[in-house]
Amino acid sequence: MSTRNSSFTESENYSQETDMAALAAAMSDASRMKILCALMDGRAWTATELSAVADIAASTTSSHLSRLVKANLVSCLSQGRHRYFRLYNSRIASLLENMMGVTFQASNLSRSKVPEELLKARTCYDHLAGEVAVKLYESLITHGWIESDGNDLTLQGKEKFLQLGITLETKTKRKKCCPCLDWSERKFHVGGFLGASLLNFFESNNWIEKVPGYREVTITPKGYKELHRHFLIED
């Protein structure tokens with residue numbers, strides 16, 4: 001009995017390790033990483049757009065996208081005659097964010113190449129990241145809008161968000177909110193459904209402006225004013 005259990009465990013581990021190696025292999029190409037990082041802005045991109053951002057030929061892009069789709073890193077959406085690609089899910093976005101953090105901290109060259117604007121504010125898939133987002137997370141903790149571990153909203157927070165007009169979906173299968181480690185700040189920003197709702201609210205109310213085709217986010221003059229007013233965040 002013990003022999004069979006041992007064999008089963010070894011087989012199970014081998015399968016998982018093989019899958020991990022296959023996932024790493026699918027990501028082990030600079031052009032494919034450029035494609036994945038571009039998709040971190042949360043939008044769905046065409047193959048032509050991804051070809052341009054990765055600076056590779058259309059035929060090569062098609063091959064890379066097929067590999068990424070097969071590895072469940074990217075999903076393909078068909079709309080009429082057009083096909084759009086986006087990250088498979090938020091877990092893939094979190095994986096990429098963590099990888100960015102490792103390489104950013106390990107290399108002085110990586111740090112020197114990142115534009116200041118991107119460090120200030122950017123998208124992390126479907127929520128806000130960067131210096132401003134970290135300050136927002138700290139403010140929400142300090143003022144008791146979210147729990148101290150960042151994994152749930154407080155009653156006060158629910159009331160405040162509703163007063164602001166920020167959507168809070170109680171039936172979502174996603175985490176209501178969660179701490180997401182910011183790769184440049186090495187502190188947490190707000191993820192989960194709340195993070196996505198905040199990003200949508202900021203954009204629809206002109207607190208922020210997304211830079212088309214990039215993860216960079218610009219905080220508008222109105223945004224700085226409102227962030228200070230509601231969350232005591234300084235410029």
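The largest cavity has a volume of about 40 Å³. A cavity here is a set of points on a 1 Å grid over the protein atoms alone where a 1.4 Å probe fits but cannot get out, and lining residues have an atom within 4 Å of a point. Grid points are joined across faces, edges and corners, and the volume is the space filled by probe spheres set on the points. This is a predicted model, in which local features need pLDDT of at least 70 and side-chain atom pairs count only at pLDDT 80 or more, while totals for chains, interfaces and linings use all residues. Residues are numbered from 1 along each chain as its sequence is written, and side-chain values use heavy atoms, with hydrogens and water left out.

A search of the whole structure finds one cavity of 30 Å³ or more. The lining of the largest cavity consists of His 127, Leu 128, Ala 133, Leu 136, Val 190, Gly 195 and Leu 198. At least two of the lining residues come from each of β4 (127-129), α8 (131-142) and α10. Helices (H or I, at least four residues) and strands (E, at least two) are DSSP runs, numbered from the N terminus. By class, this lining has five nonpolar, two polar and no charged residues; Ala, Val, Leu, Ile, Met, Phe, Trp, Tyr, Cys and Pro count as nonpolar, Asp, Glu, Lys and Arg as charged, and the others, Gly among them, as polar.

Helix α10 (residues 192-204) also holds Ser 197. Ser 197 counts as buried, at 8% relative accessibility, where buried means under 20% relative accessible area, exposed over 50% and partly exposed in between (1.4 Å probe, protein chains only). Neighbours within four places in sequence aside, Ser 197 is in contact (heavy atoms within 4.5 Å) with Ile 166 and Thr 167.

The second largest pocket holds about 330 Å³ of space. Among its 18 lining residues, Ser 90, Arg 91, Ser 94, Cys 178 and Gly 192 are the closest to its centre. A pocket is an open set of points with protein on both sides within 12 Å along at least five of seven lines. Both α5 and β5 (178-181) supply at least two residues of the lining, and α5 gives the most, with six. The pocket lining divides into seven nonpolar, six polar and five charged residues.

Glu 97 also belongs to helix α5 (residues 90-106). Glu 97 is buried, with a relative accessible area of 1%. Beyond its neighbours within four places in sequence, Glu 97 is in contact with Met 40, Arg 122, Cys 124, Ala 129, Leu 181, Asp 182, Trp 183, His 189 and Arg 215. Glu 97 and Tyr 125 lie 28 residues apart in sequence, and their C-alpha atoms are 9.2 Å apart.

Elsewhere, helix α3 (residues 47-54) packs with helix α4 (residues 58-70) at an angle of about 105°, their axes 9 Å apart. That makes α3 roughly perpendicular to α4, a term for angles of 65 to 115 degrees. Axes are lines fitted to C-alpha atoms, for helices over the stretch in contact, and angles run from 0 to 180 degrees between N-to-C directions. Ala 47, Leu 50 and Ser 51 in α3 meet Ala 58, Thr 61 and Leu 65 in α4. The contact of these helices has four nonpolar, two polar and no charged residues.

As for the whole chain, there are 11 helices and eight strands, and 40% of the 235 residues count as buried.

Definitions and conventions. Angles under 35 degrees count as roughly parallel, over 145 as roughly antiparallel, 65 to 115 as roughly perpendicular and the rest as oblique.
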